[in-house]
Structures are given as C-alpha cells and as structure tokens.
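The sequence and structure come first.

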Amino acid sequence: MKKTAHHPLPYPQTPESAHAALRAAGTCIAHWAHDLGLTRMAVVDALRGKNKGHRGMAHQAAVALGLKPTAPVKAERRRAEQSHSKGR
C-alpha cells in the first residue's frame, strides 16, 4: 500500500463538509491527524463541534480542517515588531 502525504483542507469548510471530504478521500482521521502533528481527539472534537478551536491544538485542528482561517500576516508581523522593540 502506498503511503500518501496528508494535507490540510482548504478554507472555508463546515464540520460536515470537512468530514465528508476526509471520507470521500478514504482518509483515516487518525492518520491524517498524526501526519499533521495533531491528536486524533483534537480533530474529532473539532469535527463534532465540541470545541471552538480558540487555542492550542484545538485551534491548529480547526485551521487544518479548514474551519478557521490561518492567522493573518498582519497580526504576526505586529507580534514580531513588538518582540523586537522589547529587546532594545
């Protein structure tokens, strides 16, 4: 059996459409989560709507599933500037 690399799903998705996309591709949720550095339960909880994906692994799972957009570049740039200015 050929091992395939798993990739995040495109944004925007609903939990139902994300689950349907994984099923249609014949992708095991546990393997998909592992390949992306996530826990199976973080992905399952996001698919079930049990968590909102505000922080940590829950947020990473929501982004990978396409439920949330990635962090805006502007916010990351602002954080980098703030940390740079504190170092002076």
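Asp45 is in contact (heavy atoms within 4.5 Å) with Lys50 and Asn51, leaving out residues up to four places away in sequence. The model is a predicted one, in which local features need pLDDT of at least 70 and side-chain atom pairs count only at pLDDT 80 or more, while totals for chains, interfaces and linings use all residues. Residues are numbered from 1 along each chain as its sequence is written, and side-chain values use heavy atoms, with hydrogens and water left out.

**Asp45 and helix α3**

Asp45 belongs to helix α3; helices (H or I, at least four residues) and strands (E, at least two) are DSSP runs, numbered from the N terminus.

Helix α3 covers residues 40–48, and Ala42, Val43, Val44, Ala46 and Leu47 are among its buried residues, as is Asp45. The buried residues of α3 pack against α1, α2 and α4. In α4, the buried residues are Ala58, Ala61, Ala62, Val63 and Ala64, and their cover includes α2 and α3.

| Residue | Position | Phi |
|---|---|---|
| Gly49 | follows α3 | positive, near 75° |
| Gly66 | just after α4 | positive, about 80° |

Most residues other than glycine have a negative phi, and most peptide bonds are trans. The peptide bond from Tyr11 to Pro12 is cis, with omega near 0°. Pro12 lies in the segment before α1.

**The nonpolar core and Leu65**

A nonpolar core is a set of buried Ala, Val, Leu, Ile, Met, Phe, Trp, Tyr and Cys residues joined through side-chain atoms within 4.5 Å. The largest one has 15 residues, of which Leu22, Trp32, Leu38, Val43, Leu47 and Leu65 touch the most other members. Two or more residues of this core come from each of α1, α2, α3 and α4. The largest share, 5 residues, is that of α3.

Leu65 sits in the loop between α4 and α5 (73–86), and its relative accessible area is 0%, so Leu65 counts as buried. Beyond residues up to four places away in sequence, Leu65 touches Leu9, Gln13, Ala18, Leu22, Trp32, Val43, Ala46 and Leu47. Leu65 and Pro12 are 53 residues apart in sequence, with their C-alpha atoms 8.8 Å apart in space.

**Thr27**

Thr27 is in the loop between α1 (15–24) and α2 (29–35). Is Thr27 buried or exposed? Its relative accessibility is 17%, so Thr27 counts as buried. Apart from neighbours within four places in sequence, Thr27 is in contact with His6, Leu22 and Trp32.

**The chain as a whole**

The protein chain has 5 helices and 0 strands, in the order α-α-α-α-α from the N terminus on. Of its 88 residues, 28% are buried. Among contacts with a separation of 6 or more, 48% are between residues 24 or more positions apart.

Methods
Buried means under 20% relative accessible area, exposed over 50%, partly exposed in between (1.4 Å probe, protein chains only).
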